[in-house]
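I opened the notebook to look up a few local features. The entries follow in the order I took them.

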Amino acid sequence: MRPFPSASLTILALALAGTAGAQSAAPSPVANPAIWPKVNARPQRDPKVEQRVDSLMRAMSVEDKVGQLIQVDIGSIKPADVLTYKIGSVLNGGNSGPYDDEYAPPAKWLKLADAFYDASMTRSDGRPKIPIIWGTDSVHGNNNIVGATLFPHNIGLGAARDRDLIRKIGEVTALETAAAGLDWTFAPTLAVVQDDRWGRTYESYGEEPEIAADYAGAMIEGVQGKVGTKGFLAPDHLIATTKHFLGDGGTGGRDQGDTQVSEQVLRDVHLGGYPGAIEAGTQSVMASFSSWNGEKMSGNKSLLTGVLKERMGFDGFVVGDWNSHGQVKGCTNEDCPQAINAGLDMFMYSGPGWKQLYENTLREVKDGTIPMARLDDAVRRILRVKVRAGTFDRGRPSSRAVAGKFELISNPASKVIARQAVRESLVLLKNEGVLPLKPNAEILVAGKAADSVSQQAGGWSITWQGADLPNSAFPNATSIWKGIEDTVQAAGGTATYAPDGTFAKKPDAAIVVFGETPYAEFKGDIPNLEYSPGDKPDLAMLKRLKAAGIPVVAVFLSGRPLWVNAELNAADAFVAAFLPGSEGGGVADVLFSKPDGTIDHDFKGKLGFSWPKRPDQYVLNRRDPDYDPLFPYGYGLSYAQPGKVAKLDEARPAGMAEATPGVFYGTGRTPPGWQIDTELVKQGGIDRRAQEDARLFTWSGNATGRVAIVAPRPIDLSRESNGEISLVIEYRIDGQPTGPVTLGVESGGKVTGVPLTATLAKAAPGTWSRFAIPLQCFAGRGADMHTLTAPLVISATGPLSLAISDVKLDYVSMPMNACGD
């Protein structure tokens, strides 16, 4: 880790405490490259590669060159399109699968990879044939493909503190992805997360730059092979992506937010592993969705060009994030010369308008808006990587050395490494003499999470959010329960699984597995670090078992440290397992001794994130002023080094006692503990401002159907209904309603509604609109605003297609829809 200049310590402390804005009225988003480190960028340029790129460049048309700048999601493009538009790359987004099949077997992935490759190499005009490359988010294994090995997410790997293990994980990830015919992974993530409310905290190795700095080179070498050896970018390796450049971990817990820190903090904290990744030869870098001091990274020339390319010598290419260029000032998803001129080399695009993006970019090159030199530099970088990666010489994906060898996906050697990673990532927070357990005992396993591979794998597992998937979607995986059962049975003991914690015969010990349900990106953003706000069934189970005189071991699954003081108090031992992936048997390896009581595997994990005493300690980092964690950075007990945990304060901060969220639905999610209930209505995720940040509800019209946003417990909006507070909804209707539509609130099982049919009939189909209904309207019609169980209920009779992106409370001085129609 780079030393911190003494003058930067005060600035850093302020920035990490969320008060960096006090430094100046308008912190600058312009970097000074001279104060950033020089890097020994590798590999050094090969004259033969450069000559080949030169030859290609001379023969390419400007249309060919512009095509190389564009990457399109496979949900928006077909191989036939590539016959005409010679784009440079495709990707599969989090919810995109080959031939619209998220659960496609590896053979389908390889078939589509061949189809795109063949289309890119089909031409008769004498121009160069440039192979297309396919990028994918293999972020903890080849996690898009059913049956692949899934490793612990980065937060667990950061706790392992094992560089050699990281290299092996990179190798396995590359091998299993290459076996499906893909070229390129969007990993590793090197975010140094400073606010644990962020939904991507689990993608970070830790709050300190030292872990990312130690791991980056090893992961890049694992994925790409080691520079200077025959393994570098060999057929069993991939092109790696270092992401998200830069400062994505400093956005105040908000996805795609603004990192407001000094340049010194941006460098000394958030640069973290980038120098190591560049020295190890990373061939692509992904620009962050986030901003630095108000300027979007995809449009920040001082960082993309001045720091990354010129100062640090990176000579691969910079790719955008999912339509991130569209957030640059003055840009849209279909038109953004500013990003290319700033140093972005390849757009990442999803949506139907990619041809518009191509045509606009081509026009801007021809009219000089994008200088030809900038175009050539971007294309040269992309071609350099394609040549280095052998894509010009290895033929169709299916003809490559490991492609089609599907037996490599979740092979026995890969599973051994994944199981080792699980063992090393576990952090023992508390142990009052209960662990290790004897495997030849009577063991009760409780909690739905114990037999849910989906929950132990977390987000980015088969689907983008990774939620609610059956174990059948992970055919080669072992749940935590199954690993415990195998261990106990092999030793002659008895293991019983009861999700609700009930038992007929008192066990010798109980293992309760519980925690966060899967999420990814902005859907995982939370307002504070309280685990399970509202009802706490997991806590009740822990208390009930302990009251019965049973030793209780808690295994907590989470993508971040959370406030679990009550759960810690209720357990005799507490293990932070984070998100262990597909090899749940690794948990049993550490919880149990050998039958004779000797230790087989001890706990090795050490916290990469400080653990909070209170739910409002979401900014809790080792260098903060008044640093006061429950468990500090680096904490972790073991059998060799035990420790005691005193009874913890379970009181919630007063201001959080009965807080009601002001947003009932936004950025693709309801508040924690809330849910969307439907009756006779189909729903699915759609894009509005970002990926799947809205829901589409479809009424068939066969009977009256309803959609309700349901609170975990009754909420009191009586005060709000006495003022000019309205229920504000942003929506899109795709056709005129054919029957009555009402909007209401529910209390005591009764729905009080207002008519909405005429309002929707006036809306322009296909256009996002907004209406506001004063809460006074519901109160005036007799709704008990003190005990609302659902602050939104939409009912319709007749076919209806209605998309909703936002539902919130807001002050509206002149309501747009006074009491409905």
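I started with terms. A pocket, as I use it, is an open set of grid points with protein on both sides within 12 Å along at least five of seven lines. Lining residues have an atom within 4 Å of a point. The model is predicted.

**Second largest pocket.** I looked up its volume and found about 750 Å³ of space. I then listed the lining of the second largest pocket, which has 44 residues. Trp322, Asn323, Ser350, Asp687 and Gln691 lie nearest the centre.

**Helix H5.** I checked the length of H5, residues 106–120. At 1.5 Å a residue, its 15 residues should span 21 Å. I found the end C-alpha atoms 21 Å apart, so the two agree. I then went through burial in H5. Among the buried residues are Trp109, Leu110, Leu112, Ala113, Phe116 and Tyr117. What do the buried residues of H5 pack against? I noted helix H4 (79–84), strand S2 (89–92) and strand S3 (133–136).

**Thr84.** I placed Thr84 in helix H4. Is Thr84 buried or exposed? Its relative accessible area is 61%, and exposed means over 50%, so Thr84 counts as exposed. I also took its distance to Ala119: 8.7 Å, C-alpha to C-alpha, across 35 residues of sequence.

**Gln68.** I found Gln68 in helix H3 (residues 62–68). Gln68 is buried, with a relative accessible area of 1%. Its side chain makes a polar contact of 2.8 Å with the side chain of Lys386. I then listed what Gln68 touches, leaving out residues up to four places away in sequence. The list includes Met60, Lys86, Ile87, Gly88 and Ile130. Met346, Val379, Ile382, Leu383 and Lys386 are also on it.

**Disulfide.** How many disulfides does the structure hold? I counted 1. Cys331 and Cys336 form it, with sulfur atoms 2.2 Å apart. I looked up the torsion about the S-S bond of Cys331 and Cys336: about 65 degrees, so the disulfide is right-handed. Cys331 has a relative accessible area of 11% and is buried. Cys336, at 1% relative accessibility, counts as buried.

Note on methods
Residues numbered from 1 in each chain as written. Predicted model: local features only at pLDDT ≥ 70, side-chain atom pairs only at ≥ 80, totals over all residues. Heavy atoms only, no water. Helix = DSSP H or I, 4+ residues; strand = E, 2+ residues; numbered from the N terminus. Expected span 1.5 Å × (residues − 1). Buried < 20%, exposed > 50% of the residue type's maximum accessible area, 1.4 Å probe, protein only. Contact = heavy atoms within 4.5 Å. Disulfide = S-S within 2.5 Å. Polar contact = N/O pair within 3.5 Å; in protein donor to acceptor, adjacent residues only side chain to side chain. 1 Å grid on protein atoms, 1.4 Å probe; cavity = no way out; pocket = protein on both sides within 12 Å on 5 of 7 lines; lining within 4 Å. Points joined across faces, edges and corners; volume = space filled by probe spheres on them.
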